[in-house]
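Subject: Structure handover

Hi,

Here is the structure I said I would pass on.

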Amino acid sequence: MNMHATECLLRLYDEQPDLEKYQGGVPRWCVGCGDNAILAAVQRLCRNERLRAEKTVFVSGIGCSSRLPHYMKTYGFHGIHGRALPIAEGIKMARPDLDVFVATGDGDCCSIGAAHWIHAIRYNMNMTVLLHDNQIYGLTKMQASPTSPRGLRSNTTPRGAYLEPLNPLTVTLGVQNVSFVAQAVDWIPEVLYDIIAQAFHHKGLSFVRIMQRCPEWLPHQLEPWLNDPARILLLNHPNGIQVSPSLAKVYKNQQAHDPANIDRAREVASGSDPIPVGILYRNPAVPLYENLRHAGQPRTTEFIKSGLEAEFDKFTVWPQEADPKPRQGAMRAARRATTAGS
Amino acid sequence: MNDTSTLEIPASSQPAGPRAAEKTMTTLTEHVVEVISDSGEGAQRCGQSLGAIAARMGNGIWTVEIIPAEIQPPARSIAGASGNRVRIGSKPVSNGGDEADLVVAFNEQVLLGRVRAGELKPGCIILLESMWREDRDPKIAASYADVHRQLVAEGYRVHEIPMERECRPLAADPRRGKNMFVLGMLCNLYSLDLQLARDQIALAFRKKDQKIVRANVALLEAGHQFAEAHLEFKFRIPATLATVPQIVVNGNTALALGVLASGMEICAMYPITPATSVSHYLSDVFEKVGGVVHQAEDEIAACTFAIGASYAGKCAVTVTSGPGYSLKQEAIGLAVMGEIPLVVINVQRGGPSTGQPTKAEQGDLFSAMFGSHGDAPKVVMAASTIEDCFYSVITARKIAETFNMVVVVLSDTNLATSQQPFPRPQFSEDWLAPPVDQSAVPVGAKPYDWDAATGLARRFIPGQPNGMHTLTGLAHDRASRVAYDPETNEEALHCRSLKLAALQKTLKTPPVFGDPEGDLLVVGWGSTQGTIEEAVTRLRAEGRKVSALHLRFLQPLPAGIKDILQRFKRVMTIEGNWCDRPEDAIIDESNRRYSAVAMLLRARYLVDVDCWSEVRGEPIKPGTIYRVLRARLDQKQEPKK
């Protein structure tokens, strides 16, 4: 991150802020909800990165996950269902200087907001997108979501979900301009933090799907994976995550995966058991939409005025007897052209 | 290409025509001219150029595009007429006028379409491409002869002109070059300065090669000479030379210039007719002044993108038409709830549903005022002229940021595609948005610290130290904390509503056009201002006691309107949205659906307001309004109910 000298100095003298600096209201999520793990990870991230609270914005849509901004002591924007991404894009376009995070759920992102999801990947604006995927609609009380496994009984699928679940990773990896895709699970906080931190540092849209437990509606859904570490496939690489020795003792099922390899990333992404955890893909070379559009350049009144006057000139009919000076070059050139042969 | 100076019309192509000495010169106060062709033959450019040249001469002009609904309708079809109507006057012109006085048609079928639509005056002069008479396809030749005979029989003054044949020596593709030939003819017929026409061509083709400019000028001059040699009549519409520089643009370009001038930086949009051309123009120029036009993936994204941009910076704008406006409604509710400034431009078209995308209608007033869900107070303005399109956006931005509100600017197809000159605006720094406030907020200050009297609160923008809060679409208290308690909810609703009243206190009562009292007051809004006032002027010249009132602010309505209404024996609105026809057998007072503003005025002022509307998709003609008002004035006063 580029920083002014004064900011560097500030950092030098600043003491390590405590987590409280970033903690907003008391979370109202259920006990054991995976959202709590994600919140803890982002609060740690803010503290460790010493983010300036006033320059940080958490944007969300609607759903359990989307309450997250309320629990941060930064700027937050709790929007409407499915639209967190375009709101965040507008913020980033207006203010590239802000750090933007998006908290969204499997219904918010993969169902009602699916169009925005696809296009957000294409725009590749510099922001961190956290997909809280609990495979169910929680806030509206247990309806099947696009990521619900086939056969899942819910209030809208009492005889079991009819369709195979949508795989957010393969979808994301299939979109042109994808630049960062990772997967985490809420019950390995060390890896969750590491992934979110790397996502934050990635220049581009980093998409992190977090498999998270819903103790209220699907208390046993992820238990088989929780209880059997062999059903987690940790992807390690010098350019991805590195598994600590203590963690490696538990999670022995590991695989080296180079995040630069998109073909392999797509293969890994298509596996759901074991659950791949790690950074699947990273490409820092994809251009940022806000840079392509030269967002955030300062404008002076004089600059706007001269641009506007130039446009007025294009459409102005000058009084015939007036000073011909304002007549345009194009017109003078045309006169030369039309009189040249006579 | 031929050199213009050596241009001569081949002798073989010169039918026996009148000598110049036999020409008649008629001086007119105004004429309505139409140029129509198949789509893609350039009649639009011809008409627009004619308008621009006349404007340069100092004439009042109004140009209207004649647009088929399809991009490439079948050639030579009645529904395929594409072109331009130009009303040229000695004095300023405020609308497209009545039926045409002179029509140039590239084939008889598109002409027939206009005749059937009742767009030609009786005895209208027609300049008709004659090549179809000898078409290889006997059906086409027969159709041409048939229509020609019919038109002559109906009393139209038809002049057959071999346009394409005349262009052939000058253009590789005479079908595409014809339009400039026609422009030359029209310049001759209306005694317009040929050099101004050459200038106009240079301007219109400024992005093209000089060779193309020269080729088109050659065609122009050929047309001019042809008319001089072969047509026995000429007109002159004396102009009052303009003393100030004028801008000649259509309403959509004026809206885009307004966005530029307002200091807004981000416009998010999704393509939709007829609003899109605002963004076409803006896309071309906005970046030059540091702005961004973001073409979003859909209408909802366009609106929420603009909301995000507004929330974090200067007020942003989203531009759309009816169906797109419907899609934005939920997001507009969010902006109302979060008190995020936002300008939404809705260039109305015919509805509902896909309706008539290229046609004019004023059908979205109520969805603009009452749309979204719950109580969502927002400001609604309607641009009434091309010039007003420009200034409305500047005003809208200012209101949006002063009151932290959504401001909807309504335009319509009629303004979108029409051109009318207006004085070149004098730049003012006041137009621009102030820089984004990044100063520290006092510790403990609340983001919704509503003022009890006005409902206003200071907006906290990301980057402002101590201002951190989470904006939410949920009900919230002054600190932006989610709040479901009855008192807080009511207080918030109360304050958001008060802002409209606070704005209303700053609005001026609109002026009455005509006497402040009389027999009939005609109320209008939006693009019909010029048309209504023209009709009223004609009636007033006949001694009728009729006046007009035009509303620019529909929500809130300015103070003082009730007083105006009460000074007239009768009040009626003229609108471009549906109202039930009282003459229908099953329509009576208990079930009649009124036009939007009539309903609004009745509800607000408890005054009896009648209405008349037309929803034919075409701009309402001043002559039509004149007849409606005259009939209404002749009616005996209905007994008071």
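Predicted model: local features only at pLDDT ≥ 70, side-chain atom pairs only at ≥ 80, totals over all residues.

**Two helices in chain A**

In chain A, helix H2 (residues 34-49) and H7(A) have axes that come within 9 Å and cross at roughly 50 degrees. That angle makes H2(A) oblique to H7(A). The crossing of H2(A) past H7(A) is right-handed. If you want to pick out the side chains, H2(A) brings Ala37(A), Ala41(A), Val42(A), Arg44(A), Leu45(A) and Glu49(A) to the contact, while H7(A) brings Pro189(A), Leu192(A), Tyr193(A), Ile196(A), Ala197(A) and Phe200(A). Sorted by class, that contact of H2(A) with H7(A) has 10 nonpolar residues, 2 charged ones and no polar ones.

Chain A holds 13 helices and 12 strands. Of its 342 residues, 47% count as buried. Among the contacts in chain A with a separation of 6 or more, 65% are between residues 24 or more positions apart.

Which strands make up the open sheet of 10? The order is S10(A)-S9(A)-S11(A)-S7(A)-S8(A)-S4(A)-S3(A)-S1(A)-S2(A)-S17(B), with mixed pairing. At the edges are strand S10 (254-256) of chain A and strand S17 (470-472) of chain B, each pairing on one side only. From one strand to the next, the twist averages 20 degrees.

Helix H3 (residues 84-94) of chain A packs on this sheet, where it touches strand S1 (56-60), strand S2 (75-78), strand S3 (99-105) and strand S4 (127-133) of chain A. The direction of H3(A) makes about 175 degrees with that of S3(A).

One pair to look for is Val181(A), whose bridge partner in S8(A) is Phe207(A).

**Where the chains meet**

The join between S2(A) and S17(B) is parallel and has 3 bridges. Here His78(A) has Thr472(B) as its bridge partner in S17(B).

How many residues does each chain put into the contact? Chain A gives 55 residues and chain B gives 71 residues. On the side of chain A that touches chain B, at least two residues each come from S2, H3, helix H5 (114-123), helix H12 (301-315), strand S12 (316-317) and helix H13 (329-339) of chain A. H12(A) gives the most to that side, with 10 residues. By class, the side of chain A that touches chain B has 28 nonpolar, 16 polar and 11 charged residues.

**A proline in a loop**

Pro274(A) sits in the loop between helix H10 (262-269) and S11 of chain A. Leaving aside neighbours within four places in sequence, Pro274(A) is in contact with Ala230(A), Arg231(A), Ile232(A), Leu233(A) and Asn253(A). Ala230(A) is 44 residues from Pro274(A) in sequence, yet their C-alpha atoms are 7.4 Å apart.

**Over in chain B**

Chain B has an open sheet of 7 strands in the order S11-S10-S12-S13-S15-S14-S21, again with mixed pairing. Strand S11 (292-295) and strand S21 (553-555) of chain B each have a single partner strand, so one side of each is left without a neighbour in the sheet. The twist averages 20 degrees from one strand to the next. Strand S10 (residues 266-269) of chain B runs parallel to S11(B), joined by 4 bridges, and Ile266(B) stands opposite Val292(B) in S11(B).

There is a helix pair here too: helix H8 (residues 251-262) and helix H13 (residues 386-403) of chain B have axes that come within 7 Å and cross at roughly 30 degrees. H8(B) and H13(B) are therefore roughly parallel to each other. H8(B) passes H13(B) in a right-handed crossing, and by class their contact has 11 nonpolar, 4 polar and 2 charged residues.

Cheers

Definitions and conventions. Residues numbered from 1 in each chain as written. Chains lettered and ligands numbered in written order. Pairing = 2+ DSSP bridges. Axes fitted to C-alpha atoms, helices over the stretch in contact; angles between N-to-C directions. Contact = placed C-beta atoms within 7 Å. Parallel < 35°, antiparallel > 145°, perpendicular 65-115°, else oblique. Left-handed = near helix turned anticlockwise from the far one by under 90°. Nonpolar A, V, L, I, M, F, W, Y, C, P; charged D, E, K, R; others polar. Buried ≥ 20, exposed ≤ 12 C-beta atoms within 10 Å, placed from the backbone.
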